[in-house]
Protein chains: 2
Amino acid sequence: MLNKMGWIYLVLFLFFIREFSDLQINLNNQHLNPARLFIGSFLLLIISGTFLLLLPKATHSGITAIDALFTATSAVCVTGLIVVDTGTYFTVFGQGIIAGLIQLGGLGIMTFASYFSYFFRGKTSYENQLFLSNINNSEKIGEVFSVLKKILILTFGIEFMGAILIFFSVRSRLFNSFSDQFFFSVFHSISGFCNAGFSTLQNSLYEPGFRFNYSLHLIIAALFILGGIGFPILFNLYTYLKYNLSRKFQKITTLNQMHYTPWILNLNSRIVLSTTAILLLGGSVLFYFFEVDNTLAEHSGFGKIVTSFFGAATPRTAGFNSVDSSALHFSTILVIFLLMWIGASPASTGGGIKTSTFAIAILNFLSIAKGKDRMEVFKREIAQVSINRSFAIIALSLMVIGTAIFLIASFNSEMNLLNIAFEVFSAYSTVGLSLGITAQFSTASKAVLILTMFIGRVSMLTLLIAVMRRVKNLNYRYPSEEILIN
Amino acid sequence: MLNKMGWIYLVLFLFFIREFSDLQINLNNQHLNPARLFIGSFLLLIISGTFLLLLPKATHSGITAIDALFTATSAVCVTGLIVVDTGTYFTVFGQGIIAGLIQLGGLGIMTFASYFSYFFRGKTSYENQLFLSNINNSEKIGEVFSVLKKILILTFGIEFMGAILIFFSVRSRLFNSFSDQFFFSVFHSISGFCNAGFSTLQNSLYEPGFRFNYSLHLIIAALFILGGIGFPILFNLYTYLKYNLSRKFQKITTLNQMHYTPWILNLNSRIVLSTTAILLLGGSVLFYFFEVDNTLAEHSGFGKIVTSFFGAATPRTAGFNSVDSSALHFSTILVIFLLMWIGASPASTGGGIKTSTFAIAILNFLSIAKGKDRMEVFKREIAQVSINRSFAIIALSLMVIGTAIFLIASFNSEMNLLNIAFEVFSAYSTVGLSLGITAQFSTASKAVLILTMFIGRVSMLTLLIAVMRRVKNLNYRYPSEEILIN
Ligand SMILES: [K+]
Ligand SMILES: [K+]
């Protein structure tokens, strides 16, 4: 069944990529720039998913159109917010559709982000690529397919190993049959690596029987951390492992010493890895400190550490929960707000403003405070275009989050600000954590949350690029003036 | 009495400036850079104010040290948040001290901001000036004193006219004596122009007898809008008026036609004025729309318009209220959050991230979305250093506001997020609006709010500049790299 579904996705995906490339090569024009194709493909996936979930055999007792749209958007955008319980409301067929949407959504975002980031870095700006990319010779297309192949191998490879580990980490007596346990493992491996946060368990990993299964928690955390660290770094890691394994193998078969090639991490990887490490460590310590007498009370010493680590890792932006979110201390919730907003790393299956954006925001005010005329880190200078882009992403995130909170507060004025803000942050950063009020939202509020998930996933900047008329290269220069900012 | 107090302030102020300049000229060293002098002078003012308010004759029945410190900080930082009622808790002597602190704080911030922005624009960056300014010849010092003179003339001129207008706009029978009415007018003119928001009325302008006095509301709004628009633009306006008046006078006395000199607004003024106009207009319309059946219900047609205008103008960042803030609609409160955060304009008596910072944040994502390689507005290019600075100010504002909310939520966990967030935004942007819970804060929370007011006033960036070791001009260049941001 895994293989069959896997092949169906693969064929669909390759077909989608083929269409995508064809359009680009043949219709190399202004109206079909990559930003529009990217947004269009996500919209198409969501609409198809909605219709599939509306099929009678997807649910036990039918579903409203808004709830089907909500679930399809949440799955394709790998958010994980739910309005109906995944495990009990949908049939296995319906759950299979959800897993498929998660897989395609996760692959879509990784592919798209890597596609532009991997080939054209340094040559032309990301924005120029979004407007009109330059893939018009067969050599480039070959290169694109080679990267896509690597993404697929990595994704399916990790998910396959994840599914096996999950299968053996859970107790068989909690499942009705072998195939149930098998489906559970595949579903959670896909949902984990894609940072989707969907679970067939009503209370996610807080479900009795799974609540204290720390090996399961660690396997799923490993999956979503790998998925959230981004393809460029994953690829680096893959190369590193492949090289080391082949070296070990050669050591056994031959006596030749290979000369050592150091694993050189680029600036991007260094920033992402150090920010991720700081957030995971700092988040875990804070979680432990605030929850030790609260939600952690029922856990053993080792369990407290695992649960703190899981609690700090999941808001960026996996969305599984191994504690009762609504029982969390107010201080913990505020820390989770920050972690959700920051989110995962670029070109990954995670959301949020991203670790690199957050790191640049901090480096920027530090270098200004030091009176530096440039931003330096790890003996490299960060290009101005990256700083401006970070600024734009942070400003737009505040704008979208603020607008969504404002609208939902108008539509559901009986709810309090904390709860509304939590769901909106969770939706924008495609986290999926919830204080449990999403299902009580009015249809208008659900629609706002659907839009927020979508905008959070494709990014407001990509949306703006898609709708705005591009400015040609400017062949003039106005006099430059400094503005009074204090 | 006005004259006497005015002269005392003037002497104190000139003494302060003299000290300030002396130190700078004589001790032209790293340890006493302008950022440190600025912060030090505010600290000194706050400490002196605290001791003065602790004097037995300042209050009717004594005051705790934390409340005196809170009130002095709120006055010097022209915030307007209160923990005890200004009119009933303090004696006239105490109220006079508060007015003095407001005046010195307001002048201090205007002077400091103008001082650096006015002379060195274009020559060296604002940050370099904060580290070590170059005032070391007598010509420069003369120029500095000429600007200071203009600031004093403008401030006292506007406040004088404001006091007269306020005096004649209020009904005499609401006051016990002529001197009461006189003190009321002077106090509210100073508090208005300095964007302090302190009032001797228990319910600010919502007080019965003043609630429907629309001419009073408009006079005070004019005062705080003028105070909040910034000295550079005020100076522009002053030159424009002086020129037009002398032209009119010449027209009468001679028959000579003077040739017309157009009033050229610089880029800074254009950005500030257009952003201010949009915020005032947009804010008023939203206020009217959300409150027409709520807090505006008791007002006449004209009154509804004046009260909407006042309600949209006061969060940026005057802090007077002509409606019951705690009765406002949830949507209105969210709009007020945004207006408070944006705040007034640079080099003014108002706070917040400032209109120009907000405008640049929007222009930045728009130009990136259009694929532009530079930021252009009003046929000028905005210098990169201004963009980075705006980014730093926004990032730091989020950091300080987030930390303050987090701390107060820990100290007063019984309060809800909306109320805490409102007081923190109000403190950081030196607004002074309140949902009425400041007085119920624990001592620890009051201390956090005191720090927030202070940081919001002197700005976190200035604080960082003051504590950080400056980096000398760098005589190398690392290779520049673009970071993956998506
Ligand atoms: K998620
Ligand atoms: K104020």
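Why does V78(A) count as buried? Because its relative accessibility is 0%. Buried means under 20% relative accessible area; exposed means over 50%, and partly exposed is in between, with a 1.4 Å probe and protein chains only.

Before we go on, some ground rules. This is a predicted model, where local features need pLDDT of at least 70, side-chain atom pairs count only at pLDDT 80 or more, and totals for chains, interfaces and linings use all residues. Residues are numbered from 1 along each chain as its sequence is written, chains are lettered from A and ligands numbered from 1 in the order in which they are written, and side-chain values use heavy atoms, with hydrogens and water left out.

Back to V78(A). This residue lies in the loop between α3 and α4 of chain A. Helices are DSSP runs of H or I with at least four residues, strands are runs of E with at least two, and both are numbered from the N terminus. The phi angle of V78(A) is near 40 degrees, which is positive in a residue other than glycine.

Now the metal. What coordinates the potassium ion, ligand 1? The O atoms of V78(A), T79(A), N195(A), T317(A), A318(A), T430(A) and V431(A) do, at 2.5 to 2.9 Å. Donors here are N, O and S atoms within 2.8 Å of the metal, or 3.2 Å for Na, K and Ca; water is not among the atoms, so sites may look incomplete. Along the chain, the donors of this ion follow the spacing V-T-x115-N-x121-T-A-x111-T-V. Take one pair, T79(A) and T317(A): they are 238 residues apart and link distant parts of the chain. T79(A) sits in the loop between α3 (65–76) and α4 (86–89), T317(A) in the loop between α12 (301–313) and α13 (330–342). Both T79(A) and T317(A) are buried.

Look at the backbone next. The peptide bond from R316(A) to T317(A) is cis, with omega near -25 degrees. Chain B has a cis bond joining R316(B) and T317(B), with omega about -20 degrees. T317(B) is in the loop between α12 (301–313) and α13 (330–342) of chain B.

Also in chain B, N195(B) has a positive phi, near 55 degrees, and is not a glycine. N195(B) is found in the loop between α8 (178–193) and α9 (214–228). Is N195(B) buried or exposed? N195(B) is buried, because its relative accessible area is 0%.

On to charges. Side chains of opposite charge can pair when their charged atoms come close. A salt bridge here is a side-chain nitrogen of Lys or Arg within 4 Å of a carboxyl oxygen of Asp or Glu. How many does the structure hold over all chains? Twelve.

One of them joins K446(A) and D67(A), with the closest N and O atoms 3.0 Å apart. That pair links distant parts of the chain: K446(A) is in helix α17 (residues 443–458), D67(A) is in helix α3, and they are 379 residues apart. K446(A) counts as buried, because its relative accessibility is 9%. D67(A) counts as buried too, at 11%.

Another salt bridge connects E381(B) and R477(A), at 2.9 Å, N to O. E381(B) lies in strand β2 (residues 380–382) of chain B and R477(A) in the loop between α18 (460–467) and β3 (480–481) of chain A, so this pair joins two chains. E381(B) is buried, at 10%. R477(A) is exposed, at 54%.

In chain A, salt bridges that share partners join K372(A), D373(A), R374(A) and E376(A) into one network.
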